[in-house]
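This briefing covers the disulfide, the aromatic pairs and the charges over rings. Please look at the sequence and the structure before reading the points below.

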Amino acid sequence: QVQLVESGGGLVQAGGSLRLSCAASGIIFSVYVMGWYRQASGKQRELVARISSGGRTVYADSVKGRFTISRENAKKTVYLQMNSLEPEDTAVYYCNALNGAEYWGQGTLVTVAS
């Protein structure tokens, strides 16, 4: 069974930081493109960041310079370091794995208060 389990969400003040983690099981993690998506209330799910099996990264313009995606293949874990958080970052953040097949985690809520 494939599982992606996010953790690290919570309530923070604007300007603060959070580090999200996504632990994967049931896949050959190293060959998957891993990504973080988010969905704010009333909005469509959007790509936040992704990282290829070779470590290449892509970021949404809205988070460039503030968020960093990374992965530790030995731990089958992908991270999202979020700095300088803004109220507009409030959303449920989802972990995604893609390699032909696509898998999603259940999400973790990030709330940024001003």
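The charged end of Arg19 sits over the ring of Tyr79, 3.9 Å from its centre. A charge counts as sitting over a ring if NZ of Lys or CZ of Arg is within 6 Å of the ring centre and within 35 degrees of the ring normal. This is a predicted model, in which local features need pLDDT of at least 70 and side-chain atom pairs count only at pLDDT 80 or more, while totals for chains, interfaces and linings use all residues. Residues are numbered from 1 along each chain as its sequence is written, and side-chain values use heavy atoms, with hydrogens and water left out.

**Charge over a ring**

- Arg45 lies over the face of Trp104, at 4.6 Å from the ring centre.
- Trp104 is partly exposed, with a relative accessible area of 33% (buried means under 20% relative accessible area, exposed over 50%, partly exposed in between, with a 1.4 Å probe and protein chains only).

**Aromatic pairs**

- The whole structure contains two aromatic pairs (rings of Phe, Tyr and Trp, the last by its six-membered ring, pair if their centres lie within 6.5 Å; planes under 30 degrees apart count as stacked, over 60 as edge-to-face and the rest as tilted).
- The ring centres of Tyr32 and Tyr103 are 6.3 Å apart and the planes stand at 45°, so this pair is tilted.
- Tyr32 is in the loop between S3 and strand S4 (33-39) and Tyr103 is in strand S10 (residues 101-104), so the pair ties together parts 71 residues apart in sequence (strands, E, at least two residues, are DSSP runs numbered from the N terminus).
- Tyr32 is buried at 9% relative accessibility, whereas Tyr103 is partly exposed at 26%.
- The rings of Tyr37 and Trp104 have centres 5.0 Å apart and planes at 65°, so they form an edge-to-face pair.
- Tyr37 belongs to strand S4 and Trp104 to strand S10, so this pair ties together parts that are 67 residues apart in sequence.
- Tyr37 counts as buried, at 19% relative accessibility.

**Disulfide**

- There is one disulfide in the structure (a pair of cysteine sulfur atoms within 2.5 Å).
- Cys22 and Cys95 form this disulfide, with their sulfur atoms 2.0 Å apart.
- The pair links distant parts of the chain, with Cys22 in strand S3 (residues 18-25) and Cys95 in strand S9 (residues 91-99), 73 residues apart.
- The link of Cys22 and Cys95 is left-handed, with -80° about the S-S bond.
- Cys22 is buried at 0% relative accessibility, and Cys95 is buried with a relative accessible area of 0%.

Notes:
Helix = DSSP H or I, 4+ residues; strand = E, 2+ residues; numbered from the N terminus.
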